[in-house]
Amino acid sequence: MINKLNLLLFFIFINSLSFSQEIKDFKIDSILSLLTLKEKVSMCHAQSQFSSPGVPRLGIPELWMSDGPHGIRAEINWSNWDYSGWTNDYITAFPALTCLAATFNPFLSNQYGTSIGEEARYRKKDILLGPGVNIYRTPLNGRNFEYMGEDPYLASIMVVPYIKGVQTNGVAACVKHFALNNQELWRNHINVQVSDRALNEIYLPAFKAAVKLGETWSIMGAYNQFRGQHCSHHELLLNKILKTDWNFDGVVISDWGGTHNTKEAALNGLDIEMGSPIDTKTPTRQAFDANFLGSSFLELVKSREIDERVLDDKVRRILCLMMRTTLDLGRPLGKINNVEHSHVARQVATEGIVLLKNRANFFPLNPDKKLTIALIGENAIKSMTTGGGSSELKANYEVSPLEGLKKRFKNASIIFSKGYTSENSDQDPKLLISDAIEKATQADVVLFVGGLNKNRGQDCEAEDRKELKLPYNQDYLIGELQKVNPNIGVVLVGGNAVSMPWILKVKAVLQTWYLGSEAGNAIADIISGDSNPSGKLPFSFPVKLNDNSAHFFGELSYPGDGETQIYKDDILVGYRWHDTKNIKPLFSFGHGLSYTTFEISEIKSNKKFYTASDSIILSYKLTNTGRREGAEVVQVYIGKSNSKIPRALKELKGFKKTHLAAGNQTTEIITINISDLSFYDESISNWNLELGDYMVYVGNSSGSISKMTSINIK
Ligand code: BGC
């Protein structure tokens with residue numbers, strides 16, 4: 001009788017959602033009171049490779065998860081990693097997050113999040129495993145392409161609208177990998193040592209923004225260790241920082257197989273353990289019960305070695321996430337593979353492409369001319385939505401650069417030659433080169449489309465790259481092509497910086513990332529001049545590996561000694577290092593050219609003297625001084641003059657992207673809170689604001705500052 005009454009109450013509760021927090025808590029408590037110990041424990045671990053159970057007896061649905069973060073991954077088998085071979089799981093492949101970051105356009109990030117959330121919803125996924133916001137520390141990290149670059153401010157600004165977009169669909173974002181997962185080599189065990197200051201100033205801000213401003217409903221614990229504890233069950237990271245200091249009310253999900261100990265997992269903040277069954281002999285749902293937050297957890301609660309309240313807290317969080325997703329009967333139904341999603345994918349791709357160099361206006365190429373274009377390089381035809389690890393996609397379509405260019409350059413004769421190969425094929429590399437040289441000789445223009453790819457050891461999960469230079473002898477090939485035809489431009493595909501020993505010899509370079517379904521169209525948009533490039537680098541390109549701070553400090557700094565790694569670069573990551581130590585990068589953070597020119601002038605701050613509670617209101621005039629419509633990203637960096645503590649010369653504190661027609665001008669404003677100039681003071685374990693003079697740098701990259709002005713904080 002009581003059970004029936006409770007059930008009735010339960011259904012009344014879930015049919016009357018969207019009440020105040022108190023009522024929500026009351027509902028969650030009511031459901032919780034209906035659950036047996038066993039049911040509660042079952043909700044804390046996987047039941048299949050990508051789902052965790054609901055409570056069938058009460059009609060509480062399962063939670064289904066999917067990678068992330070560039071599209072909804074194809075269906076995977078119940079208890080192994082093979083693809084299930086469905087035919088209804090083709091999706092739109094969106095550009096990689098490095099590309100999204102390179103747009104410097106938070107509005108586009110929201111459109112990206114909304115669209116991918118719609119696809120997740122249509123595919124009946126409740127949790128999207130993404131976005132990723134680990135900081136780009138070394139160009140060798142095999143997974144940088146899934147993240148948002150080297151700057152914590154940029155990543156923070158870009159991650160929030162993505163999360164909001166996803167979650168408007170009643171699908172939870174799962175921000176990953178919390179925290180310090182900055183390399184793939186030894187990722188399952190490497191023990192990161194980093195100062196509290198670098199942790200708080202560099203590695204945590206984007207996660208904090210995801211929690212406090214993005215209000216993400218879930219977060220994924222990283223594989224690696226930090227100060228001797230695995231991040232998926234970490235007292236300091238999860239219990240103290242995430243759940244206490246940041247008041248996170250969502251669910252912590254382990255990275256797949258990232259859980260190592262029942263008691264630690266139970267007590268140190270993990271809510272759902274995901275990963276393959278440890279018990280490999282039982283290919284059924286019970287197999288997952290043998291995992292750490294399964295039957296051994298149940299035993300510890302039963303024997304009261306672990307307080308039931310610990311379990312209840314996890315289940316409360318899971319139920320709260322369900323209220324926001326599966327139990328929200330009003331959530332939208334989702335959409336997939338529609339033209340709007342293709343449009344968003346193309347716009348992000350086009351806006352993210354970065355024009356690194358453009359001597360003598362090599363780009364754009366006129367599509368109306370009868371040009372012979374030699375298109376050389378494997379990346380002109382290679383699929384970039386497959387490979388790379390868990391972010392691999394089963395794209396509904398993928399336009400290659402060759403296809404995209406052929407479609408747009410109908411008057412041109414495009415002759416393709418692979419030039420090199422990444423496959424272990426029986427193609428003779430010498431013949432590939434000689435064919436490419438022959439084609440280059442005949443052409444008016446040579447476009448070399450190379451770079452990295454998603455093969456293991458390149459931009460791919462579970463391994464790091466071995467070197468900064470381009471693989472497969474591409475440097476040599478570019479040199480040979482240039483000798484026979486100096487009218488050559490390079491189109492780089494990839495998610496990481498590479499060295500460019502040929503940079504002075506080629507006329508132009510485009511950095512095009514992994515662009516997803518619309519790759520070839522977006523590249524053609526830029527090369528033809530249909531779109532004017534406006535992407536900016538979300539990370540620095542060092543000239544050589546040792547110019548990067550993680551590498552400068554030797555092996556213990558990167559990759560570590562096999563057990564431990566010490567982040568000796570501390571807060572001087574990326575451009576902070578290049579600027580402070582005056583080590584000129586090949587291309588600076590924030591750099592990106594346009595087919596038009598801009599002038600930033602009349603830069604003024606609203607005051608000269610500020611107090612801690614003030615904001616700097618910085619105004620400037622932006623003029624499009626060239627002959628075509630375009631967009632510029634004005635960037636504001638701030639540094640402390642004569643600081644008492646070690647600091648970076650300057651740090652990004654604000655930016656704005658503005659579109660302007662040729663000849664037009666506008667006055668813009670960027671607002672910066674004075675409190676955001678604080679540093680993390682280890683002596684008080686808190687943020688601290690130094691008074692005195694600060695220098696404000698305004699420009700269009702960390703290496704190109706139009707104007708400096710000083711302000712004072714009293
Ligand atoms: C990756 C995660 C991913 C998970 C599920 C792990 O290996 O690190 O990012 O979400 O697998 O595929």
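Helices and strands here are DSSP runs numbered from the N terminus, a helix being H or I over at least four residues and a strand being E over at least two. The structure shown is a predicted model.

**Figure 1. Elements around the second largest pocket.** Three elements, α20 (575-581), β20 (630-640) and β25 (692-701), each contribute at least two residues to the lining of the second largest pocket. Helix α20 has the largest share of that lining, 3 residues. The volume of the second largest pocket is about 440 Å³.

**Figure 2. Centre and composition of the second largest pocket.** Of the 27 lining residues, those nearest the centre of the second largest pocket are Ser588, His591, Ser701, Gly703 and Ser704. Sorted by class, the lining of this pocket holds 14 polar, 9 nonpolar and 4 charged residues. Domain 2 (353-539) and domain 3 (598-713) each provide at least three residues of the lining of the second largest pocket.

Figure 3. The elements that supply two or more lining residues to the largest pocket are the helices α6 (152-167), α7 (196-203) and α8 (205-212) and the strands β21 (651-660) and β22 (665-673). Helix α6 gives the most, with 5 residues.

**Figure 4. Composition and domains of the largest pocket.** The lining of the largest pocket comprises 16 nonpolar, 9 charged and 6 polar residues. At least three lining residues of the largest pocket come from each of domain 1 (35-324) and domain 3 (598-713).

**Figure 5. An open sheet of mixed pairing.** The sheet has 4 strands, in the order β8-β7-β5-β16. Strands β8 (229-230) and β16 (564-566) are at the edges; each has a single partner strand, so one side of each has no neighbour in the sheet.

**Figure 6. The pairing of β7 with β8.** Strand β7 (residues 225-226) runs antiparallel to β8 and is joined to β8 by 2 bridges. Which residue of β8 is the bridge partner of Gln225? The partner is His230.

Notes. Residues numbered from 1 in each chain as written. Predicted model: local features only at pLDDT ≥ 70, side-chain atom pairs only at ≥ 80, totals over all residues. Heavy atoms only, no water. Pairing = 2+ DSSP bridges. Nonpolar A, V, L, I, M, F, W, Y, C, P; charged D, E, K, R; others polar. Domains from an automatic or database assignment. 1 Å grid on protein atoms, 1.4 Å probe; cavity = no way out; pocket = protein on both sides within 12 Å on 5 of 7 lines; lining within 4 Å. Points joined across faces, edges and corners; volume = space filled by probe spheres on them.
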